[in-house]
4 protein chains.
Amino acid sequence: MDFAFDARTEELRERLLAFMDEHVYPAEPVFAAQLAEREDPWAIPPVVEDLKAEARKQGLWNFFLTGHPEHGGLPNLQYAPLAEITGRSSHLAPVALNCAAPDTGNMEVLTMFGTDEQKKRWLEPLLDGRIRSAFAMTEPEVASSDATNITTRIVRDGDEYVVNGRKWYISGALNPACEILIVMGKTDPDAERHRQQSMVLVPRDTPGLRIGRGMSVFGYDDSDHGGHAEVFFDDVRVPAANLIGGEGEGFAIAQARLGPGRIHHCMRSIGVAERALELTCKRVLDRVAFGRPLAEQGVVREWIAEARVAIEQLRLLVLKTAYLMDTVGNRGAHTEIQAIKIATPRTVEWILDKCVQAHGAAGVSQDTPLAGWQAGVRSLRLADGPDEVHLRSLARAELRKYS
Amino acid sequence: MDFAFDARTEELRERLLAFMDEHVYPAEPVFAAQLAEREDPWAIPPVVEDLKAEARKQGLWNFFLTGHPEHGGLPNLQYAPLAEITGRSSHLAPVALNCAAPDTGNMEVLTMFGTDEQKKRWLEPLLDGRIRSAFAMTEPEVASSDATNITTRIVRDGDEYVVNGRKWYISGALNPACEILIVMGKTDPDAERHRQQSMVLVPRDTPGLRIGRGMSVFGYDDSDHGGHAEVFFDDVRVPAANLIGGEGEGFAIAQARLGPGRIHHCMRSIGVAERALELTCKRVLDRVAFGRPLAEQGVVREWIAEARVAIEQLRLLVLKTAYLMDTVGNRGAHTEIQAIKIATPRTVEWILDKCVQAHGAAGVSQDTPLAGWQAGVRSLRLADGPDEVHLRSLARAELRKYS
Amino acid sequence: MDFAFDARTEELRERLLAFMDEHVYPAEPVFAAQLAEREDPWAIPPVVEDLKAEARKQGLWNFFLTGHPEHGGLPNLQYAPLAEITGRSSHLAPVALNCAAPDTGNMEVLTMFGTDEQKKRWLEPLLDGRIRSAFAMTEPEVASSDATNITTRIVRDGDEYVVNGRKWYISGALNPACEILIVMGKTDPDAERHRQQSMVLVPRDTPGLRIGRGMSVFGYDDSDHGGHAEVFFDDVRVPAANLIGGEGEGFAIAQARLGPGRIHHCMRSIGVAERALELTCKRVLDRVAFGRPLAEQGVVREWIAEARVAIEQLRLLVLKTAYLMDTVGNRGAHTEIQAIKIATPRTVEWILDKCVQAHGAAGVSQDTPLAGWQAGVRSLRLADGPDEVHLRSLARAELRKYS
Amino acid sequence: MDFAFDARTEELRERLLAFMDEHVYPAEPVFAAQLAEREDPWAIPPVVEDLKAEARKQGLWNFFLTGHPEHGGLPNLQYAPLAEITGRSSHLAPVALNCAAPDTGNMEVLTMFGTDEQKKRWLEPLLDGRIRSAFAMTEPEVASSDATNITTRIVRDGDEYVVNGRKWYISGALNPACEILIVMGKTDPDAERHRQQSMVLVPRDTPGLRIGRGMSVFGYDDSDHGGHAEVFFDDVRVPAANLIGGEGEGFAIAQARLGPGRIHHCMRSIGVAERALELTCKRVLDRVAFGRPLAEQGVVREWIAEARVAIEQLRLLVLKTAYLMDTVGNRGAHTEIQAIKIATPRTVEWILDKCVQAHGAAGVSQDTPLAGWQAGVRSLRLADGPDEVHLRSLARAELRKYS
């Protein structure tokens with residue numbers, strides 16, 4: 001057992017920290033200004049492309065693609081502390097390193113399950129950061145945490161699949177650079193529960209596919225990174241070759257996609273918590289009320305200490321999970337992935353709540369990133385399965401030891 | 001001791017419930033549609049004026065103005081259960097009844113401290129619902145929970161006062177109908193701590209007064225009820241007659257204004273909780289996951305029960321506080337007002353969090369009122385003094401019993 | 001609606017407060033000394049009888065017996081604030097006023113369901129405080145919160161009932177003054193779920209009845225008020241006339257017994273919280289660490305304020321429940337009784353936890369009543385049904401409104 | 001970074017697990033029976049010596065003495081998982097391996113600071129497990145978390161030190177095998193804050209030393225492992241050679257003693273949590289209420305899952321702390337030691353509370369170890385400094401990064 005980072009990780013951390021200092025943090029106000037000035041409400045500020053170019057030049061690229069060092073991918077245990085650092089500037093750093101959701105999960109799916117043709121057509125430009133993508137699973141009408149509820153139909157018709165259905169909260173679909181959606185639907189509603197679903201690649205400009213309104217997350221439209229679209233599929237036809245894997249494999253592919261996606265979110269969320277805590281420490285040292293800096297007032301100190309205690313525990317569990325994914329595989333790390341999926345959002349949400357409180361009105365405003373982060377991590381308690389589903393599953397695993 | 005409403009309250013509750021059913025709830029989708037279509041991003045949908053006209057016609061008007069039955073005002077204990085009902089449609093019902101913040105507090109101030117001239121010029125149109133108003137106290141640069149921190153200057157110059165400073169989160173100031181601001185600033189920084197501040201009436205169109213951007217609350221701009229403006233005062237001149245009360249009385253007036261304002265928020269927040277719980281019960285009875293309605297799943301039932309237990313306790317404390325305000329005065333009810341100011345937002349926030357969770361993605365979206373309510377009540381943990389300030393004060397009162 | 005006590009309550013409160021000051025508090029150290037010196041580990045210190053005599057003389061007697069003013073009984077709403085006061089000295093005051101569990105519940109049962117013969121033989125001496133009693137329901141082998149699980153058998157044999165079974169946590173059964181047990185068992189296991197059970201009166205000296213060991217509650221044997229015995233019934237024969245009500249009515253009688261018992265516990269628990277808070281305020285004003293009294297340290301102040309906010313809400317709900325029991329009956333107050341059964345122990349437990357923390361080692365010791373109280377209220381989260389059972393039932397009632 | 005145990009740890013874990021299965025668990029009922037039968041209320045059951053002999057024979061001995069492999073000591077990172085295992089049978093396994101508090105801390109003190117004479121006289125028999133010891137620091141009259149409050153005096157008089165004062169909660173002092181106390185007192189009240197205190201060795205049979213009553217922890221006297229005595233020092237004279245280290249070094253020695261003591265408690269507490277969870281899983285699989293095993297009821301499953309998530313995080317932080325103590329020293333691990341001192345008791349207390357709840361009345365009784373454990377870990381929130389002191393210190397360290 002050893003709690004020190006290896007030399008490669010240390011070196012990459014240093015390079016990434018320098019990149020943050022030299023490029024990312026200075027880009028934050030530029031990003032904000034460009035957002036304020038844009039005409040297209042979904043346009044991505046040009047500073048993002050500048051950052052991407054710089055990161056790629058520096059070799060800070062595609063770290064997320066575990067198992068594929070040829071593209072820059074690192075083992076999870078090496079990527080984790082880097083992903084945490086990117087979380088500190090969560091709107092800029094992940095995308096700058098081409099490590100932003102939902103592309104990451106989509107690239108993983110194409111790497112694992114894509115045909116050569118699919119890889120050439122979609123994976124390559126994604127790996128190059130030339131296009132963006134979306135993943136269309138959640139539906140408004142049903143509890144999507146239970147994949148068997150999905151109502152979107154994907155029906156084979158000659159050489160094509162015909163897609164009909166309605167999705168929402170399709171993140172990134174409003175990004176002008178988004179060219180492709182991976183769509184989950186049912187090809188065989190009569191098959192065994194977990195063999196009914198399939199996934200197909202649907203180019204965003206396919207006739208019949210309509211991007212509707214952007215869905216909100218606590219008042220945020222997240223238009224700075226592609227929003228969360230409602231998407232309508234009305235007799236959308238794609239070539240049969242757009243099927244990913246085989247018919248009936250949609251559920252299995254979705255499961256394979258989830259593990260890494262979850263841990264990436266957790267890693268970044270810890271970075272969010274660290275930066276929020278940093279902002280808060282600075283604030284309370286500076287801000288005076290009733291004759292003393294807030295930092296000297298008992299309850300504020302308690303918040304800070306509690307945050308530190310919580311972050312340390314959480315980070316270790318995320319790192320151990322990364323270690324297990326590398327050593328025994330995503331399946332072997334299933335319980336731990338669920339544990340961090342449960343533990344991270346609530347912990348970071350608690351910390352952000354206290355950081356907001358310590359900031360007063362500024363905390364809920366657009367002048368600090370705190371409220372936006374809080375909305376984001378809170379929605380992670382729902383995203384790809386509410387906590388309650390994961391808790392139930394975890395309990396089942398625990399009880400199975402004794403029955 | 002008697003826990004039943006009196007006959008007058010029962011009668012008004014029935015009339016108000018009928019008004020909600022016949023006019024307010026049906027107006028909700030109209031309001032949403034008119035908001036979506038407006039061109040001025042701060043315009044108030046016309047349906048609001050229709051509701052106001054109808055409410056006034058029915059005598060459901062100005063209930064909040066305790067001590068002034070001639071304007072429709074009720075004792076706090078009678079108003080409380082009515083205010084709760086208006087909270088169920090918090091964007092429409094309070095304004096429909098001319099019982100919406102910040103006008104309510106401003107009307108109270110003018111009633112208590114205004115000159116005849118001031119009353120005629122500003123109070124009357126406010127009581128008629130013809131204009132709106134704002135209250136400018138919070139400043140971005142200082143911890144405003146400590147009123148002695150205020151930096152805005154109000155300087156006497158001949159027959160005028162000259163105002164210089166910067167305020168933010170001035171609710172309602174972006175409402176096109178807003179004509180008047182009550183502004184808090186320092187007239188004498190060298191006076192005793194609580195005699196430094198004064199309040200002046202500043203018409204919104206006074207030269208030098210500039211309404212800046214709308215401040216956000218968790219991504220919401222609250223443009224449907226006047227937003228929360230940043231306001232700049234640059235050598236703003238008003239007649240000396242616009243002073244409210246005397247010089248040095250600003251702090252005392254602010255204190256007098258706070259009590260009723262707090263209890264109104266609390267009353268309405270309970271209505272929010274009740275409606276959220278109702279929406280959630282209906283949802284979980286309807287929604288199926290893993291083969292059973294959510295309502296049959298243990299943890300969801302626990303949320304519902306906990307919500308009921310919490311609401312019942314909270315409502316009683318709010319009602320008792322109203323009773324004390326009526327019987328021993330706002331000052332005598334000081335401790336209880338602080339207690340409900342602390343207890344209400346957190347309790348309702350907890351309930352809303354569970355309601356959001358039970359709604360899945362819809363819960364954080366614009367398709368239910370839940371996320372917006374959660375942002376609102378969460379900001380009440382900061383508004384007019386963060387919880388921590390009130391807790392400290394409450395503890396002091398408790399300890400004083402023994403020292 | 002009126003939150004003031006009526007004149008009768010005020011007068012009784014004053015008399016009771018005087019009795020506490022003049023007799024009960026001074027008796028506390030005497031009680032402790034007598035406990036330390038006794039030889040029989042279950043003996044009740046003689047000071048208790050002195051207090052009883054004095055209380056009876058002063059007419060502070062049998063207040064609990066709602067509906068029976070001829071015995072001293074008060075309406076619940078009048079009794080509630082008095083019961084709270086007795087909770088401040090929970091080991092002495094309730095028994096001094098002949099208002100201690102489990103006799104109270106047993107007297108209610110006999111009053112409601114007893115034959116004249118039973119009343120004469122058992123109720124009268126109980127009302128006089130001449131004997132004590134126990135209520136034997138809980139069994140070690142089954143989840144007793146589900147009464148249909150009960151395994152003790154009560155079989156008719158000629159003119160007798162024969163009882164066989166094992167009970168535990170039979171409070172008061174080790175009190176030397178305990179003469180009678182009300183025993184719940186099954187007379188007809190094949191009847192409808194809630195008609196299988198019956199209750200019989202079993203004198204403690206009946207052959208075959210054996211009082212076993214005293215069960216602990218977090219290390220406490222509660223020997224100062226009769227402990228919690230394990231009781232074995234081995235072919236215990238009692239006359240058929242000892243049946244309470246009819247065969248199959250055991251469940252209904254148990255239900256009737258629970259309501260008042262629960263609210264009495266809640267009332268007294270609030271008194272516990274108040275006295276613990278008082279002890280704590282005094283302690284933290286006095287105790288210095290790191291150069292300042294604990295009372296000036298932020299987190300301690302927050303505890304005190306939170307305790308005050310929680311107690312105020314809780315007390316109001318208990319009082320409203322008492323009001324409902326008086327006006328619409330125990331059945332009509334069912335939901336509220338459940339709500340206070342859930343809310344009280346946890347709230348008081350939280351307060352006591354903080355009071356212990358503020359007392360340091362003294363808090364967990366025998367030198368303050370805090371730890372003992374904490375053990376007691378914590379066990380109330382289990383007693384007559386764990387919280388989870390009540391929450392589930394409360395949720396069902398809430399959901400029923402919409403289905 | 002590597003999350004697997006090294007080979008030595010794995011081997012020792014296997015041997016210890018076998019020892020637990022073959023000797024410790026079977027000794028638990030024997031221990032209980034011998035406790036029930038003893039005449040001396042502070043006697044230690046003879047089965048303990050049998051276990052010690054067996055453990056020593058198997059080389060499972062003195063693991064705690066980090067840095068001293070010659071006595072069996074292991075690095076903290078190797079000891080941690082073993083200590084956790086001993087926590088599963090917390091009344092027997094630690095003492096069986098001669099790794100029980102307070103001897104462990106005392107042996108560390110003597111190893112680090114003792115003279116050769118002191119080591120020969122006291123350390124050797126302690127390392128052999130032939131005698132027991134106590135550590136006398138806490139005083140009833142002052143907040144002992146602030147060592148400068150200590151009032152016990154240690155005054156040099158010729159070749160002797162004279163000790164006067166009163167201590168309490170001196171764990172182990174009632175153990176008949178306890179022969180020696182390390183006593184903290186003030187030699188120079190006028191010295192600099194942290195140079196006023198010294199430590200002396202006081203044999204338990206020294207004239208003037210009187211062992212008073214056993215102090216309770218939530219009703220438990222902990223007589224099975226030496227209780228927690230009140231100790232009076234009345235002109236107690238010991239040779240000057242009994243001073244540990246130099247005069248004025250008492251505070252520094254106490255600090256050196258605390259780190260390892262804290263982590264040992266934390267390690268064992270995790271073992272407590274694991275065994276409690278195991279007992280609970282078995283219970284809820286077995287116990288039926290309302291027609292279904294408790295294990296299928298939503299809220300119980302949630303408890304189990306939450307416990308698992310919490311334990312995993314906590315254990316990692318404890319292990320990392322052990323790693324830091326080994327690599328950068330106890331001083332370098334100061335923040336982490338505080339973090340686990342804060343995090344462990346509350347986490348395990350929460351878990352035990354749910355385990356008690358799932359066990360019903362048995363949970364608070366003497367028939368399961370749960371309630372006793374809960375009392376124990378709860379007292380750890382106070383022992384050697386309440387959480388609040390550690391939180392404040394931790395916050396100071398965090399804030400120092402930015403000031």
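Guide: Helices (H or I, at least four residues) and strands (E, at least two) are DSSP runs, numbered from the N terminus. The structure is a predicted model, in which local features need pLDDT of at least 70 and side-chain atom pairs count only at pLDDT 80 or more, while totals for chains, interfaces and linings use all residues. Residues are numbered from 1 along each chain as its sequence is written, and chains are lettered from A and ligands numbered from 1 in the order in which they are written.

Visitor: How many percent of residues 9-129 of chain A are helix and strand?

Guide: Residues 9-129 of chain A are 65% helix and 0% strand, with 24 Å between the end C-alpha atoms. An unreviewed UniProt entry annotates this stretch as "domain: Acyl-CoA dehydrogenase/oxidase N-terminal"; positions follow the numbering used here, feature names are shortened, and annotations may be inferred rather than shown by experiment.

Visitor: Into which domains is chain A divided?

Guide: Domain bounds come from an automatic or database domain assignment. In chain A they give domain 1 (7-127), domain 2 (132-247) and domain 3 (251-400). The centres of domains 1 and 3 of chain A, taken over C-alpha atoms, are 21 Å apart.

Visitor: How many residues of domain 1 of chain A are in contact with domain 3 of chain A?

Guide: Contact requires C-beta atoms, placed from the backbone, within 7 Å. By that rule, 21 residues of domain 1 of chain A are in contact with 21 residues of domain 3 of chain A. On the domain 1 side, helix H3 (76-87) and helix H5 (103-113) of chain A each supply at least two residues, and H3(A) gives the most, with eight. That side has 11 nonpolar, seven polar and three charged residues, where Ala, Val, Leu, Ile, Met, Phe, Trp, Tyr, Cys and Pro count as nonpolar, Asp, Glu, Lys and Arg as charged, and the others, Gly among them, as polar.

Visitor: How many residues of chain A are in contact with chain B?

Guide: 33 residues of chain A are in contact with 33 residues of chain B. The elements giving two or more residues to the chain A side are strand E3 (160-171), strand E9 (288-289), helix H10 (361-364) and helix H11 (370-380) of chain A. H11(A) gives the most, with four residues. By class, the chain A side holds 19 nonpolar, 10 polar and four charged residues.

Conventions. Two residues are in contact if their C-beta atoms, placed from the backbone, lie within 7 Å.
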